[in-house]
Amino acid sequence: MEEFVYIQHDVLPSLFQGLWISVLLIIPSASLGLAIGIVMGALRVFASRPVAMLANIYVAIFRGIPLVVQLFIWYFGLPYFGIYFSPFLSSVVAFSLCSGAYHSEYIRGALLSIKKGQMLAAEALGFTKLEMLRSIILPQALRRALPGSGNEIIYLIKYSSLAYMVTCIELTGKGKILASQSFKYTEIFLIVGVFYLVLVSLAGLLLRHMENRLSLPGFEFHRA
Amino acid sequence: MEAFMARSENDSVLRVENIRKSFGDKEILKGLSLSVKKGEVKVIIGPSGGGKSTLLQCINFLVIPDEGEVWLEGEKINHGKKRELYAYRQQVGMIFQDFNLFDHLDALENVQIALVRVKKMDKAKARERASAELRRVGLAEHASQYPAELSGGQKQRVSIARALAMDPKVMLLDEPTSALDPELIGEVHAVIKDLVANGMTMLMATHQIGFASVLADEIIFMEDGTIVEQGPPTKILLDAECARTKEFCAKITHISGDS
């Protein structure tokens, strides 16, 4: 009974606070990450060779270095150069850049799958490259990238838990503090796990809903 | 006399001079020249791989020629200048063998989008214009269907409407019926005939020789990247000078025997 009261009065309010911080981390990181991914993916496919090369290097670096290490660099490393990011900002920057690198790969794949003929048709109508990308290619490519990019967003929800490593106390951080005070590791992290599961499920539903809404005649999936 | 010469030069809507294009070692176009006058229909025939498509794509610089010049209404096109290139392409309608409709847009939006995004036309106006063009090709009731829901013939008619909406000065048609089932060819031919009747200037590559002979002011026989022979349909089809032209025409007429 005492345990139940502790959980109800101390654990849950604290975890909800953490959950709120997590959401505040996830939403800008997911949006920024996707935006970076679109730009980088498009550059890798359509930009001139040197620019595409730079975008490739970006992906190689941010996909190749463990996220925790990237977080530490933003938070502990930059001060050496006189640049100070708050724990929250370091986390958002690290998550966005890492997520962008992964998104760019899904977007690149989707861009490559658009038939060349449609680009010829757009060019023949007098579209500029950028206008063609914006109104012909991306609307189709993003639809195709959605399952992969959605997966990346779900992944981001979970790796946002790394933010507590740079003292941005979100859901996992709160859980860790509570657990080390009360030694109720099992109970508290079970609850934390359920919170993440709910977040991920909601995101999954939302993404599935978007996929259905954006599906096009002739491209929908028919279950056999 | 000189003034007269200049006038007749300017008479051609489209003039192409000495176009050369190689892909690697293979020379696809070996210095081709031709011109199309206002309201004139020229049809290019010739075996596949002879460079017909490449020529048409070079004319609006979807493929950049290695050498040669393109003139529209007496103005030389400088394709290196992007603004000039984009402005030029708006005036040259292009129809592709495999339609190349935009898969994510319905028929109406396919016709409308370039008006809005390229011509910067107001959306409502563009919509009106797009509906009018769809009506013109007989697809008013299919306006809200997506490419995947249309037949090949309907798709090609949408693509013709899409090109027409831009008010092109000349149209390039690259085998517009080659990807169609035989029973769908007629509806596309009817639309093209209608355009010709309304005075559209055209350069068309096709294998439909019967159709070509009815429409064309001149037939151009092209093989191995050069123009072998050109002249009025009756001459090319029935009384060609070059043996190779004769042979090709005999074969293709025999096979298709279309109208």
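# Notebook: chains A and B of a predicted model

I began with chain A, where buried residues make up 37% of the 224 residues; a residue is buried if 20 or more other C-beta atoms, placed from the backbone, lie within 10 Å of its own, exposed if 12 or fewer do, and partly exposed in between. I note that this is a predicted model, in which local features need pLDDT of at least 70 and side-chain atom pairs count only at pLDDT 80 or more, while totals for chains, interfaces and linings use all residues. For the names, residues are numbered from 1 along each chain as its sequence is written, and chains are lettered from A and ligands numbered from 1 in the order in which they are written.

**Entry on chain A as a whole**

I looked up the secondary structure and found eight helices and zero strands in chain A, where helices (H or I, at least four residues) and strands (E, at least two) are DSSP runs, numbered from the N terminus. Along the principal axes, the C-alpha atoms of chain A fill a box of roughly 75 × 55 × 25 Å. I also checked the contacts, two residues being in contact if their C-beta atoms, placed from the backbone, lie within 7 Å. Of the contacts in chain A with a separation of 6 or more, 76% are between residues 24 or more positions apart.

**Entry on α1 and α6 of chain A**

I then followed helix α1 (residues 2-46) of chain A to α6(A), and found that their axes come within 10 Å and cross at roughly 135°; axes are lines fitted to C-alpha atoms, for helices over the stretch in contact, and angles run from 0 to 180 degrees between N-to-C directions. That makes α1(A) oblique to α6(A), since angles under 35 degrees count as roughly parallel, over 145 as roughly antiparallel, 65 to 115 as roughly perpendicular and the rest as oblique. Among the residues that make the contact I wrote down A:Ala30, A:Gly33 and A:Gly37 of α1(A), and A:Ser149 and A:Ile153 of α6(A). By class, this contact has nine nonpolar, four polar and no charged residues, where Ala, Val, Leu, Ile, Met, Phe, Trp, Tyr, Cys and Pro count as nonpolar, Asp, Glu, Lys and Arg as charged, and the others, Gly among them, as polar.

**Entry on where the chains meet**

Next I looked up the interface, in which 18 residues of chain A are in contact with 21 residues of chain B. On the side of chain A that touches chain B, the elements that give two or more residues are α5 (116-124) and α6 (129-159) of chain A. The largest share of that side, six residues, comes from α5(A). The residues of this side of chain A divide into nine nonpolar, seven polar and two charged.

**Entry on the sheet of chain B**

In chain B I found six strands that form an open sheet in the order β6-β7-β8-β3-β9-β10, with mixed pairing; two strands pair if DSSP finds at least two bridges between them. β6 (92-95) and β10 of chain B stand at the edges, each with a single partner strand, so one side of each is left without a neighbour in the sheet. The twist averages 15° from one strand to the next.

I went through some of the pairs. β6(B) and strand β7 (residues 170-174) of chain B pair in the parallel sense over four bridges, and B:Gly93 stands opposite B:Met171 in β7(B). Strand β3 (residues 41-45) and strand β9 (residues 218-223) of chain B are also parallel, over four bridges, and the bridge partner of B:Ile44 in β9(B) is B:Ile220. By contrast, β9(B) and strand β10 (residues 226-231) of chain B pair in the antiparallel sense over five bridges, with B:Phe221 opposite B:Glu229 in β10(B). The hairpin of β9(B) and β10(B) has two residues between the strands, and in it B:Asp224 takes a positive phi near 50°.

**Entry on two further positive phi values**

I kept in mind that most residues other than glycine have a negative phi. A:Phe183, in the loop between α7 (171-182) and α8 (185-214) of chain A, has a phi near 60°. B:Glu175, in the loop between β7 and α7 (182-197) of chain B, has a phi near 45°.
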